[in-house]
Amino acid sequence: MRAFVIGNVAIDEIMSVPTMPEAGASIFGQQQSADLGGKGANQAIVLGRTGLNTTLIAAVGSDLRASLIRQGLAVEPVDLRLIEFADKASDVSIIFTTPDGENAIITTTDCATSIRPEHVAGALQAAKPGDFAILQGNLSDDTTAAFLHEAKRCGMITAFNPSPLRPGFAALWPLIDIAFLNQGEAEKLTGERSETAAQCLRDAGVGTVIITLGGKGAILADRTGTTTIPAVRSVVVDTTGAGDTFMAVTLASSSLRHVMPDGLALRHAAQAASITVSRRGTRSAFPSQTELAAILAT
């Protein structure tokens, strides 16, 4: 099985702040790091580190950030398919982190939203039935729909992380085999919380729904029912990338065992996410190949 991830790649500028700024406020902060990021790249990197064959389809400009992105991805176990737009600036994320480990993220998507439907078919030429098609909310509505339709035509398993949220996502649920959301996203999309929100998305056509609850764990809802998996205790330093780690390890655990996401996959994901939140940064906080191999061996 192979994973095809189409999404964004960015340079993350991480700023430590005492509290999240309110409208009109000026506060002091300290730059912690500049790191490779973007939800598409994050998920592809963790998937690759688990040992799953992974292809990342993303877009960059022709600027200094693009060079940094290429250098960073070159050392990861990921097959890279970068689309270059000479007239665009490569995407960047400004991440604010507070002492309690919470974060807020502002991301540009000039390159990600420039990926057009005509790029999709070429990106999946090597895909086979049963492979994963993985995407997030950073692409345009047309490209998101085109990728999902093409993936279903190829017999692929579609996994969708609808973040950032877009109004048009409601029409896509019947195309989604596995949806990953956090509690806030689930509530905004359905008006409900926890198990009720998961059931709403199942009723709308999603095959399997996984809702992360932060320190309270995660909910798995599929045709067999609803299960809550507890979180793994950890000292929370920075939650950036934790959701991407959780999604990637869930998919890797299930695919390496040739099953759909189950309780064991979520327990593996919780262990991996607990490592990510205990470290600062984005890519630098992800579990290593050795750490992931140890988790997946249990």
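Predicted model: local features only at pLDDT ≥ 70, side-chain atom pairs only at ≥ 80, totals over all residues.
Residues are numbered from 1 along each chain as its sequence is written, and side-chain values use heavy atoms, with hydrogens and water left out.

I placed Ala 252 in helix 7, residues 242–256. Helices (H or I, at least four residues) and strands (E, at least two) are DSSP runs, numbered from the N terminus. Ala 252 counts as buried because its relative accessibility is 0%; buried means under 20% relative accessible area, exposed over 50%, and partly exposed in between, with a 1.4 Å probe and protein chains only. I also checked Ser 288, 36 residues from Ala 252 along the chain, and the two C-alpha atoms are separated by 14 Å.

Next I went through the backbone. Most residues other than glycine have a negative phi, and most peptide bonds are trans. I found a cis peptide bond from Ser 163 to Pro 164, with omega near 0°. Pro 164 lies in the loop between strand 9 (157–161) and strand 10 (178–182).

I then listed positive phi values. Ser 194, in helix 6 (residues 194–203), has phi near 50°. His 258 has phi near 60° and sits in the loop between helix 7 and helix 8 (263–276). I recorded His 258 as exposed because its relative accessible area is 71%.
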